[in-house]
Amino acid sequence: MKELLKNHKNQQEVENFISYIGKLRNDPKSFFIKNYTDTQLAQLFLKVANEGLVFDGVHITLKSTGVSYDYVAYKNKMLLVYPESTIDVSLVYEWDEIEFWKESGKVTYKHKLKNPFGWREDKDIIGAYAVIRNKRWEFLTTLNKSELDKHRKVAKTDFIWKAWFPEMCMKTVMKKSSKTHFGDIFTWIEEMDNENYDVNNVNVEITWKDEIEKAETLKELLTIYEKYKWSWKDFDSLISSKKQAIIWKSTTI
């Protein structure tokens with residue numbers, strides 16, 4: 001892979017990427033990595049680099065569903081294009097006090113963190129917001145708990161939501177703000193990011209996602225497949241990923 005990326009201007013970034021891919025290949029749980037050739041991986045690296053970003057394995061990672069950008073990566077892209085930007089992405093917990101108001105398009109808000117160092121659980125999050133200010137203007141985007149849940153239901157990677165719920169809430173509101181107000185500079189990231197979804201489809205019945213998640217045997221998975229096949233565009237990929245996970249688990253017991 002190093003030969004494929006020999007012309008990249010920053011070889012340290014190449015070395016770090018190769019090291020990250022090596023870790024994935026040595027991790028049995030990252031079974032999906034075997035589906036990628038060195039050429040395909042190099043192409044993904046260059047696509048990210050063409051956006052001015054770094055495929056670092058931290059804020060931009062590779063999952064079973066493809067390339068994933070976290071909220072920091074979205075912020076970094078914004079700052080590349082509009083370096084004067086100020087960006088505030090925050091969660092709101094049920095005990096917080098928060099007010100937003102706009103005057104002649106200017107965004108003003110007050111967020112009082114009433115329990116910043118206390119014990120907090122995912123269920124305590126009631127919303128998230130992003131405030132972006134730059135030479136384009138000032139933009140406020142908010143998502144309440146119900147809206148966050150809708151975004152989660154149509155995401156391809158529910159296991160990431162379960163493990164990193166606060167971070168995924170922050171990514172979702174930052175992603176929505178970027179897509180709504182700065183769609184012209186996030187086109188390629190939107191195409192690559194594995195969390196793409198159509199919010200217009202949130203009312204589609206997708207209980208099969210929960211059933212796939214809970215399946216423990218190949219027989220159970222086959223039953224689910226026969227029951228729901230052709231019901232959703234990502235159904236086959238989720239079935240395939242779960243199948244490989246069940247096989248891996250059975251060989252490690």
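Visitor: Is Asp193 buried or exposed, and what is its relative accessible area?
Guide: This is a predicted model, with residues numbered from 1 along each chain as its sequence is written, and local features need pLDDT of at least 70, while side-chain atom pairs count only at pLDDT 80 or more. Side-chain values use heavy atoms, leaving out hydrogens and water, whereas totals for chains, interfaces and linings use all residues. Buried means under 20% relative accessible area, exposed over 50% and partly exposed in between (1.4 Å probe, protein chains only). Asp193 counts as buried, because its relative accessible area is 2%.

Visitor: Which side chains make polar contacts with the side chain of Asp193?
Guide: A polar contact is a pair of N or O atoms within 3.5 Å; within protein, one must be able to donate a hydrogen and the other to accept it, and residues adjacent in sequence count only if both atoms are side-chain atoms. Asp193 touches Val67, Ser68 and Tyr69, among others, where contact means heavy atoms within 4.5 Å. As for polar partners, one sits at 2.8 Å and another at 3.1 Å: they are Tyr74 and Lys171.

Visitor: How far apart are the end C-alpha atoms of helix α2?
Guide: Helices (H or I, at least four residues) and strands (E, at least two) are DSSP runs, numbered from the N terminus. The expected span is 1.5 Å times one less than the number of residues. For the 13 residues of α2 (38–50) that should come to 18 Å, and the end C-alpha atoms agree, being apart by 18 Å.

Visitor: What arc do the buried residues of α2 cover around the axis?
Guide: The buried residues in α2 are Leu41, Ala42, Leu44, Phe45 and Val48. They lie on the same side of α2, because their arc (taken from the directions from the helix axis to the C-beta atoms) is only 160°.

Visitor: Which strands are at the edges of the open sheet?
Guide: Three strands line up as β3-β6-β7 with antiparallel pairing; two strands pair if DSSP finds at least two bridges between them. An edge strand pairs on one side only, and that describes β3 (86–93) and β7 (137–144).

Visitor: At about what angle to β7 does helix α4 run?
Guide: Axes are lines fitted to C-alpha atoms, for helices over the stretch in contact, and angles run from 0 to 180 degrees between N-to-C directions. Helix α4 (residues 145–153) lies across β6 and β7, and its angle to β7 is about 80°.

Conventions
Lists of a residue's contacts leave out its neighbours within four places in sequence.
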